[in-house]
Every structure is written in C-alpha cells, then in structure tokens.
Amino acid sequence: MAGQSHSTSKSAIDVDVEELDCLLSEERVQLFDVREPSELLETGKIPRSVNIPLAEVEEAFRMTPDEFLEKYKCRKPSKEDSNIVFYCRKGNRSLKALNTAHQLGYTKSRHLYLGFAGWADHWKDTNPTKVETIRK
C-alpha cells in the first residue's frame, strides 16, 4: 500500500460516512482520530473517537495494553479486531496511519476515506450533533 495513490472511490480498506454511522450507533467500532489536538479544538471530532496524532500511531500500537489504556483512556485494539477505523481531515493521514497499523499486524483496520471533512459535510444540515465540540 505504501506509495499507493488514493482517489475518492471506495475500496476494501475504506469506510464511508453511512457505514461509520452504523458502526457508531451499534457501538461496534474503535475509532481513532489521527489529527493534531489543535485541529480537534478548531473543528470538533466524531463522537466517541480517541485522538492519537499520526506521529504517535506506531508507538501507540506497540504499547502494552496497560500503557495504551493509561495514555489514551481506552482499550488497546487487538490485531484480530476488524472494527478499527482511523480518520483525519480528508483521508491522507488516516491512510498513512492505516499503512502503519497494517505493517504492525493490525491488518483488518480501515479508514474513513473522506475524513472528518466528509463526515461533517454530510451531517451539517441534517444532524449537526454528529460533530462533537471540544472544549479546552
């Protein structure tokens, strides 16, 4: 996957807005936002997502479960989990996080290919509560 160009068409590693919404409503997703914390303050985030900036993804997924829980306040995914989803602003950084996760053995992980921008745009008129505001 390294060096692979990514278009706006959906592939097997991609999750779209509707699928992610279904996974969230059924509480069947481990959702990781790989943007910088300052971006979350500016734009908000998808509810129930955990922020792991892209630069920390490799280190985070190499942590022990206890270290991961202490730092990120959630359970560390296992390599067998098929409900791991990464996202960023538009899908580029989440694809890099996905590649890292795959290299570390989390081969069933996927990403929100249109990113937070696609998520927020989809819900802005019909259900703005799908974007959680972050307070300092």
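## The largest pocket and its surroundings

By class, the residues that line the largest pocket comprise six nonpolar, one polar and three charged residues. The model described here is predicted. The lining residues are Leu24, Glu27, Val29, Gln30, Leu31, Phe32, Arg48, Val50, Cys74 and Arg75. Strand β2, residues 30-33, supplies the largest share of this lining, namely three residues. The space within the largest pocket amounts to about 190 Å³. Rolling a probe the size of a water molecule over the atoms shows where empty space is left.

**The protein as a whole**

The protein contains six helices and five strands. Along the sequence, these elements follow the pattern β-α-β-α-β-α-α-β-α-β-α. Of the 136 residues in the protein, 46% are buried. Among contacts between residues at least 6 apart in sequence, 62% join residues at least 24 apart.

**Two loop residues of the pocket lining**

Both Glu27 and Arg48 belong to the lining of the largest pocket. Glu27 is found in the loop between α1 (17-25) and β2, whereas Arg48 is found in the loop between α2 and β3. Most residues other than glycine have a negative phi. Glu27, although it is not a glycine, has a positive phi. Arg48 is likewise a residue other than glycine with a positive phi. The table sets out the two values.

| Residue | Phi |
|---|---|
| Glu27 | about 50 degrees |
| Arg48 | near 70 degrees |

Is Glu27 buried or exposed? Glu27 has a relative accessible area of 65% and is therefore exposed, since the term applies to values over 50%.

**Lys45 in the loop between α2 and β3**

Lys45 is placed in the loop between α2 (37-43) and β3 (50-51), and Arg48 is found in the loop between these two elements as well. Why does Lys45 count as buried? The relative accessibility of Lys45 is 11%, and a residue is buried when its relative accessible area is under 20%; Lys45 therefore counts as buried. Which backbone atom does the side chain of Lys45 reach? The side chain of Lys45 reaches the backbone oxygen of Ser49, at 2.6 Å.

Notes: Residues are numbered from 1 along each chain as its sequence is written. This is a predicted model: local features need pLDDT of at least 70, side-chain atom pairs count only at pLDDT 80 or more; totals for chains, interfaces and linings use all residues. Side-chain values use heavy atoms; hydrogens and water are left out. Helices (H or I, at least four residues) and strands (E, at least two) are DSSP runs, numbered from the N terminus. Buried means under 20% relative accessible area, exposed over 50%, partly exposed in between (1.4 Å probe, protein chains only). A polar contact is a pair of N or O atoms within 3.5 Å; within protein, one must be able to donate a hydrogen and the other to accept it, and residues adjacent in sequence count only if both atoms are side-chain atoms. On a 1 Å grid over the protein atoms alone, a cavity is a set of points where a 1.4 Å probe fits but cannot get out, and a pocket is an open set with protein on both sides within 12 Å along at least five of seven lines; lining residues have an atom within 4 Å of a point. Grid points are joined across faces, edges and corners, and a volume is the space filled by probe spheres set on the points. Ala, Val, Leu, Ile, Met, Phe, Trp, Tyr, Cys and Pro count as nonpolar, Asp, Glu, Lys and Arg as charged, and the others, Gly among them, as polar. Contact means heavy atoms within 4.5 Å.
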